[in-house]
Amino acid sequence: MNAPSTMKPFRHVGTRPVRPDGVDKVTGKALYSTDFKAPGMLWGAILRSPHPHARILSIDTKKAEALAGVKAVATGRDLPTLESLVMHVGEGASDIVDVSHNCLALDKVLYEGHAVAAVAAASPEIAREALGLITVEYEELAFVLGLEEALAEGAPVLHDTVFTKGVDPKPDRPSNAAMRVEMGGGDVEGALASAAATVTGRYTLEPVHQGYIEPHACVASWNGDGQAQIWTSSQGHFAVRALTASVLAIPQADIRVTPLEIGGGFGGKTTVYLEPVAMVLSKKSGRPVRLAMTREEVFRATGPAPGAVIDVRLGAAADGTLVAADVEFLYHSGAYTANDAGAGVSSAIGHYRIPNSRVVGIEVLCNRPAAKAYRAPGAPQVNFAVESAMDELAGKLGIDPLELRLKNAAIEGDPQTTGLPWGRIGYVECLEAAKAHPHWSAPLGPNQGRGIAGGYWGNYGGPSTVNVSVAEDGTVTVATGSPDIGGSRASMAIMAAEVLDIPYEQVRAVVADTASIGVSMVTGGSRTTFATGMATVQAAEEVKRLLCERAARMWGVISDQVEWRSGEVICLDGEKQGQAMSAAAIAGRSFHSGGPIAAVAALSAKGWLPGFGVHICDTEVDPETGHVKIVRYTAVQDVGIAIHPDYVEGQIQGGAAQGIGWALNEAYIYGKDGKLDNAGFLDYRMPVASDLPMIEAVIVEVPNPSHPYGVKGVGEVPIVPPLAAVANAIHAAAGVRLKDLPMAPDRVYAALHPEG
Amino acid sequence: MRIVVMPPFDKEFFGADRLDLAPHNLFDLVERLEALAPGFAAIAPARVHFAVDGVLETDWTRELAQAREVIVLPRVGGG
């Protein structure tokens, strides 16, 4: 199963066939979550808290229930009381009690937009009218939004059950500091004191949203016999099943979740907000119920990436050798505990060899929506600080910023922040590719500057199940449990076709529902092409073995006397020597030779490797307005081996675009009343096509020896370097170092004109 | 066998970052760690990764007879 050290030329891997889901999507035939309708379906709506922090004293639903057309009303009291259970079914660990209370608040609301009640009615209009008839009596509580404010003495504490994890001695009173993680080693202070050059900085970022175009939506139908179906758009329908069943305290097998097409997730669709509520409404009404968020609800009630306050100190010898790094950050956790601090700590400085280091991450609870994964969760924030500081250090030392990175870049065998040795990574190869790229040496115009930044993400493996079956005509179906977000149907078809050495068009890949395939983890963590791909290869290999065995039996020879060549079985010995039998010929007679040809591979993939990227950004800064234009952008990334390069390039471009938006414009803006002021795409400014140049994706291939085709994982790395790449380019263009995101025109203008 | 417990688990559960145990596999290690710090086994599947002699290991049936070191570290998934 290991990739050969000298990769053989592939027939399909690395080609760019037409995407199998393309026609449906461009002709509007693809079924997204709000396209799905069930017979007799009701329309649901959710009442949300207007307060950022309040105790729920009472909820009166009688008037809503009495409204004609209303079929069911639900509150947190309709969800079962659960015992604490930490689950890892989406992206990171969540306590199922928190998941439940986030779906429908029980005693307290913890952020503006927190769900408090839900209605199912004969029409959307009646459902909305009914929401207005629900009376909730609140006792408003003091709230806190800022990181340092939440940790200050006397700050309102969100949970009286949360005691800071990871500190010694264990605290004796609850705190908004949910967790503290510290890694590193050596003599940081001593090394900084003796360094030839040091830089120090404080960097801040606001929470940003994943910005998926398709809002959360689902239809649930819970029958009187206990059997239920959910149709939903998510990054993992098995995670939806597990979480919904756990919240409702029912068996997982009683829920069949059918995945619909997904209009973007980026980590934000790895949990449940609506499904358990729709289930309760369905049970109460006896009808299928649709719940769909508005864009405003998506902003107010679903998880953003955490904002941060980050302090960085770096030190280097005169020749540029890094000697010490001290990084300490606070990350928003939002209303419930999250998992980004550990990821931030392990993603901060591991791309460099630094003998003395200390990295501390603290997760901070506050009255905002619970933070959720967003592409390389926890990495872009701290990378912005570290890679900005690297640029500053290069300036102080008078060393080219790319050369400074090359001099210190981690290679295979170097220790990560965790102390584990890096495997076959490709950071140096990416830096060398960036250095050789024409962009790095291209001339710049007036008010323009060039920045560079590097970064990485660990990627993941995890459980996947794949069923490869051969139809009677020899065509092949690959059924997976992994929702197709970035082209996995195409990449699975390519890998199966590669194993079987048959035309790509002869293989169709589908995403099967939870009753039709074994468990697979979410499509996230840049894991699907790696892990589900590994299962696809394994199942296809077994199908190939079965085809050979059947042909041998039909020819009356032993299996060793046949061989698979160019998509057919060749007889190597006996009377039939030289004869060939196609997959179609074998499968067509499979009912009379032992049964259908099919194989299942269920595995927990290991051997994943991180991906590294280096981004080059040219900006043009308007000195009169502070507007920053991205003039040219090149993203270099080690992907292992690109199975379908179009999709790989698309992932790199998409991640870079999101990172540029994070750098320049995106931020949650709250008023003094604790309410979100920009809950829509008009006021929450994501980049659009006219804001960006063509982003050139440069694929570097350093194969992963643990994957049969060398795959590493792609989707998350490209959002890591852009924040610093843009900041460094602005510094190069205008001579100002911006340390607070977003670098919107007002901030840039203020930096350019400090006199006011 | 040396068991290296990384933050936050060292302070959260064990009050030490080095332990000396002889588990026969990682399931056995979880049981032994649970005996030292009740509550660890409940969070381990969701929050913990193990590295055996420097390599992440997701198969907890992995025999540890020949292993020199197991690192207990935070699990990182992704988005």
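In chain A of this predicted model, 7 strands form an open sheet. Their order is β3-β7-β1-β14-β11-β12-β13. The pairing is mixed. At the edges stand β3 (70-75) and β13 (255-259) of chain A. Each has a single partner strand, so one side of each is left without a neighbour in the sheet. From one strand to the next, the twist averages 20°.

Strand β12(A) covers residues 228-232. β12(A) and β13(A) pair in the parallel sense, over 5 bridges. Within this pairing, T232(A) stands opposite P259(A) of β13(A). A helix lies across these two strands: α7(A), residues 237-248. Helix α7(A) runs at about 150° to β13(A).

Now move to β3(A). Here another helix, α4(A), takes up residues 124-131. Helix α4(A) lies across β1 (42-48), β3 and β7 (115-121) of chain A. Its direction is about 25° to that of β1(A).

Next comes chain B. Chain B has 3 helices and 5 strands. From the N terminus on, its elements run β-α-β-α-α-β-β-β.

How does the radius of gyration of chain B agree with that of a compact globule? With 79 residues, such a globule would have a radius near 12 Å, and chain B has 11 Å, which agrees. Taken along the principal axes, the C-alpha atoms of chain B fill a box of roughly 30 × 30 × 20 Å. Buried residues make up 39% of the 79 residues in chain B. Consider the contacts in chain B between residues at least 6 apart in sequence: 51% of them join residues at least 24 apart.

How values were computed
Residues are numbered from 1 along each chain as its sequence is written. Chains are lettered from A and ligands numbered from 1 in the order in which they are written. This is a predicted model: local features need pLDDT of at least 70, side-chain atom pairs count only at pLDDT 80 or more; totals for chains, interfaces and linings use all residues. Two strands pair if DSSP finds at least two bridges between them. Helices (H or I, at least four residues) and strands (E, at least two) are DSSP runs, numbered from the N terminus. Axes are lines fitted to C-alpha atoms, for helices over the stretch in contact, and angles run from 0 to 180 degrees between N-to-C directions. Two residues are in contact if their C-beta atoms, placed from the backbone, lie within 7 Å. The radius of gyration is taken over C-alpha atoms; the globule rule is 2.2 Å times the number of residues to the power 0.38. A residue is buried if 20 or more other C-beta atoms lie within 10 Å of its own, exposed if 12 or fewer, and partly exposed in between; C-beta atoms are placed from the backbone.
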